[in-house]
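Subject: Structure handover

Hello,

Here is the structure for you to look over. Please open it before you read my notes.

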Amino acid sequence: PRVAVGNLLANLTRNVWAWTVIWCGHFSTGVEFFTPEETANETKGQWYLRQALGSSNIEGSKLFHILAGILCHQIEHHLFPNICHQHYRKLSRIIAETAREYLKPYHVNKYFFVAVWKHLKMLRAIGKDQVQLA
């Protein structure tokens with residue numbers, strides 16, 4: 001029974017951790033959302049732009065990135081899903097520079113807890129919008 005409880009707690013902790021990191025990379029203040037109609041006839045360039053505008057990164061130490069399963073680089077993951085995650089940190093510098101050059105946002109949360117706060121803030125705003133729509 002102790003092993004089963006330990007496994008259950010470890011699995012629960014891992015799932016909550018992964019969920020938090022993934023959701024903070026997808027649903028944070030500043031990221032854009034797109035309807036199916038907006039994406040229906042998009043060009044390859046528009047697809048890449050949508051990937052960058054619709055996600056965000058979380059900065060952190062090398063240990064933090066390892067513990068997060070390299071999920072902190074959601075922008076790079078969305079742009080280049082087939083590239084090995086070991087290259088995401090290098091790619092992030094190039095993509096951020098390109099975004100600045102073209103005056104496009106590159107969403108980065110400097111701290112994990114800031115990312116969590118922004119995620120919760122965005123969820124609250126969505127909740128208010130849905131209440132007003134009802």
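The notes below go from the whole chain to single residues.

Please keep in mind that this is a predicted model.

**Overall layout**

The protein chain has 7 helices and 2 strands. Along the sequence they follow the order α-α-α-β-α-α-α-β-α. The C-alpha atoms fill a box of roughly 55 × 45 × 25 Å along the principal axes. Of the 134 residues, 29% are buried. The accessible surface comes to about 9500 Å². Carbon and sulfur atoms hold 64% of that surface.

Contacts across the sequence are worth a look. Take those between residues at least 6 apart in sequence: 58% of them join residues at least 24 apart.

**Charges**

The protein chain carries 15 positive and 9 negative side chains. The centres of the two sets lie 13 Å apart.

Where does positive charge gather in a patch on the surface? The patch is made of K62, R89, K90 and R93. Helix 6, residues 88–101, gives the largest share of the patch, with 3 residues. R89 sits in helix 6. R89 counts as partly exposed because its relative accessibility is 35%, between the 20% and 50% cut-offs.

**Salt bridges**

Side chains of opposite charge can pair when their charged atoms come close. How many salt bridges does a search of the whole structure find? The search gives 2.

One joins the side chains of E42 and R50, at 2.5 Å from N to O. E42 is partly exposed, because its relative accessibility is 21%. R50 is partly exposed too, with a relative accessible area of 21%. Both values sit just past the limit, since buried means under 20%.

The other salt bridge is formed by K110 and E59. Their closest N and O atoms are 3.9 Å apart. K110 counts as exposed, because its relative accessibility is 53%. E59 has a relative accessible area of 37%, so it is partly exposed. A salt bridge here needs the nitrogen within 4 Å of the carboxyl oxygen, and the K110 and E59 pair has 3.9 Å. Keep that in mind if you apply a cut-off of your own.

L103 is one to check for backbone geometry. L103 has a positive phi of about 55 degrees, although it is not a glycine. L103 lies in the loop between helix 6 and strand 2 (108–109). Is L103 buried or exposed? L103 counts as exposed, because its relative accessibility is 75%.

P36 is the next one. P36 is found in helix 2, which covers residues 36–39. With 61% relative accessibility, P36 counts as exposed, because the threshold for that class is over 50%. How far apart are P36 and V5 in space? Their C-alpha atoms are 43 Å apart, and the two residues are 31 apart in sequence.

**Where to start**

Then turn to the positive patch with K62, R89, K90 and R93. After that, go to L103 and its positive phi.

Best regards

How values were computed. Residues numbered from 1 in each chain as written. Predicted model: local features only at pLDDT ≥ 70, side-chain atom pairs only at ≥ 80, totals over all residues. Heavy atoms only, no water. Helix = DSSP H or I, 4+ residues; strand = E, 2+ residues; numbered from the N terminus. Buried < 20%, exposed > 50% of the residue type's maximum accessible area, 1.4 Å probe, protein only. Patch = residues over 30% accessible without salt bridge, like charges linked within 9 Å, V, L, I, M, F, W, Y side chains within 5 Å. Areas by Shrake-Rupley, 256 points an atom, 1.4 Å probe, with all protein chains shown as cover. Lys, Arg positive; Asp, Glu negative; His and termini not counted. Charge placed at Lys NZ, Arg CZ, Asp CG, Glu CD. Contact = heavy atoms within 4.5 Å.
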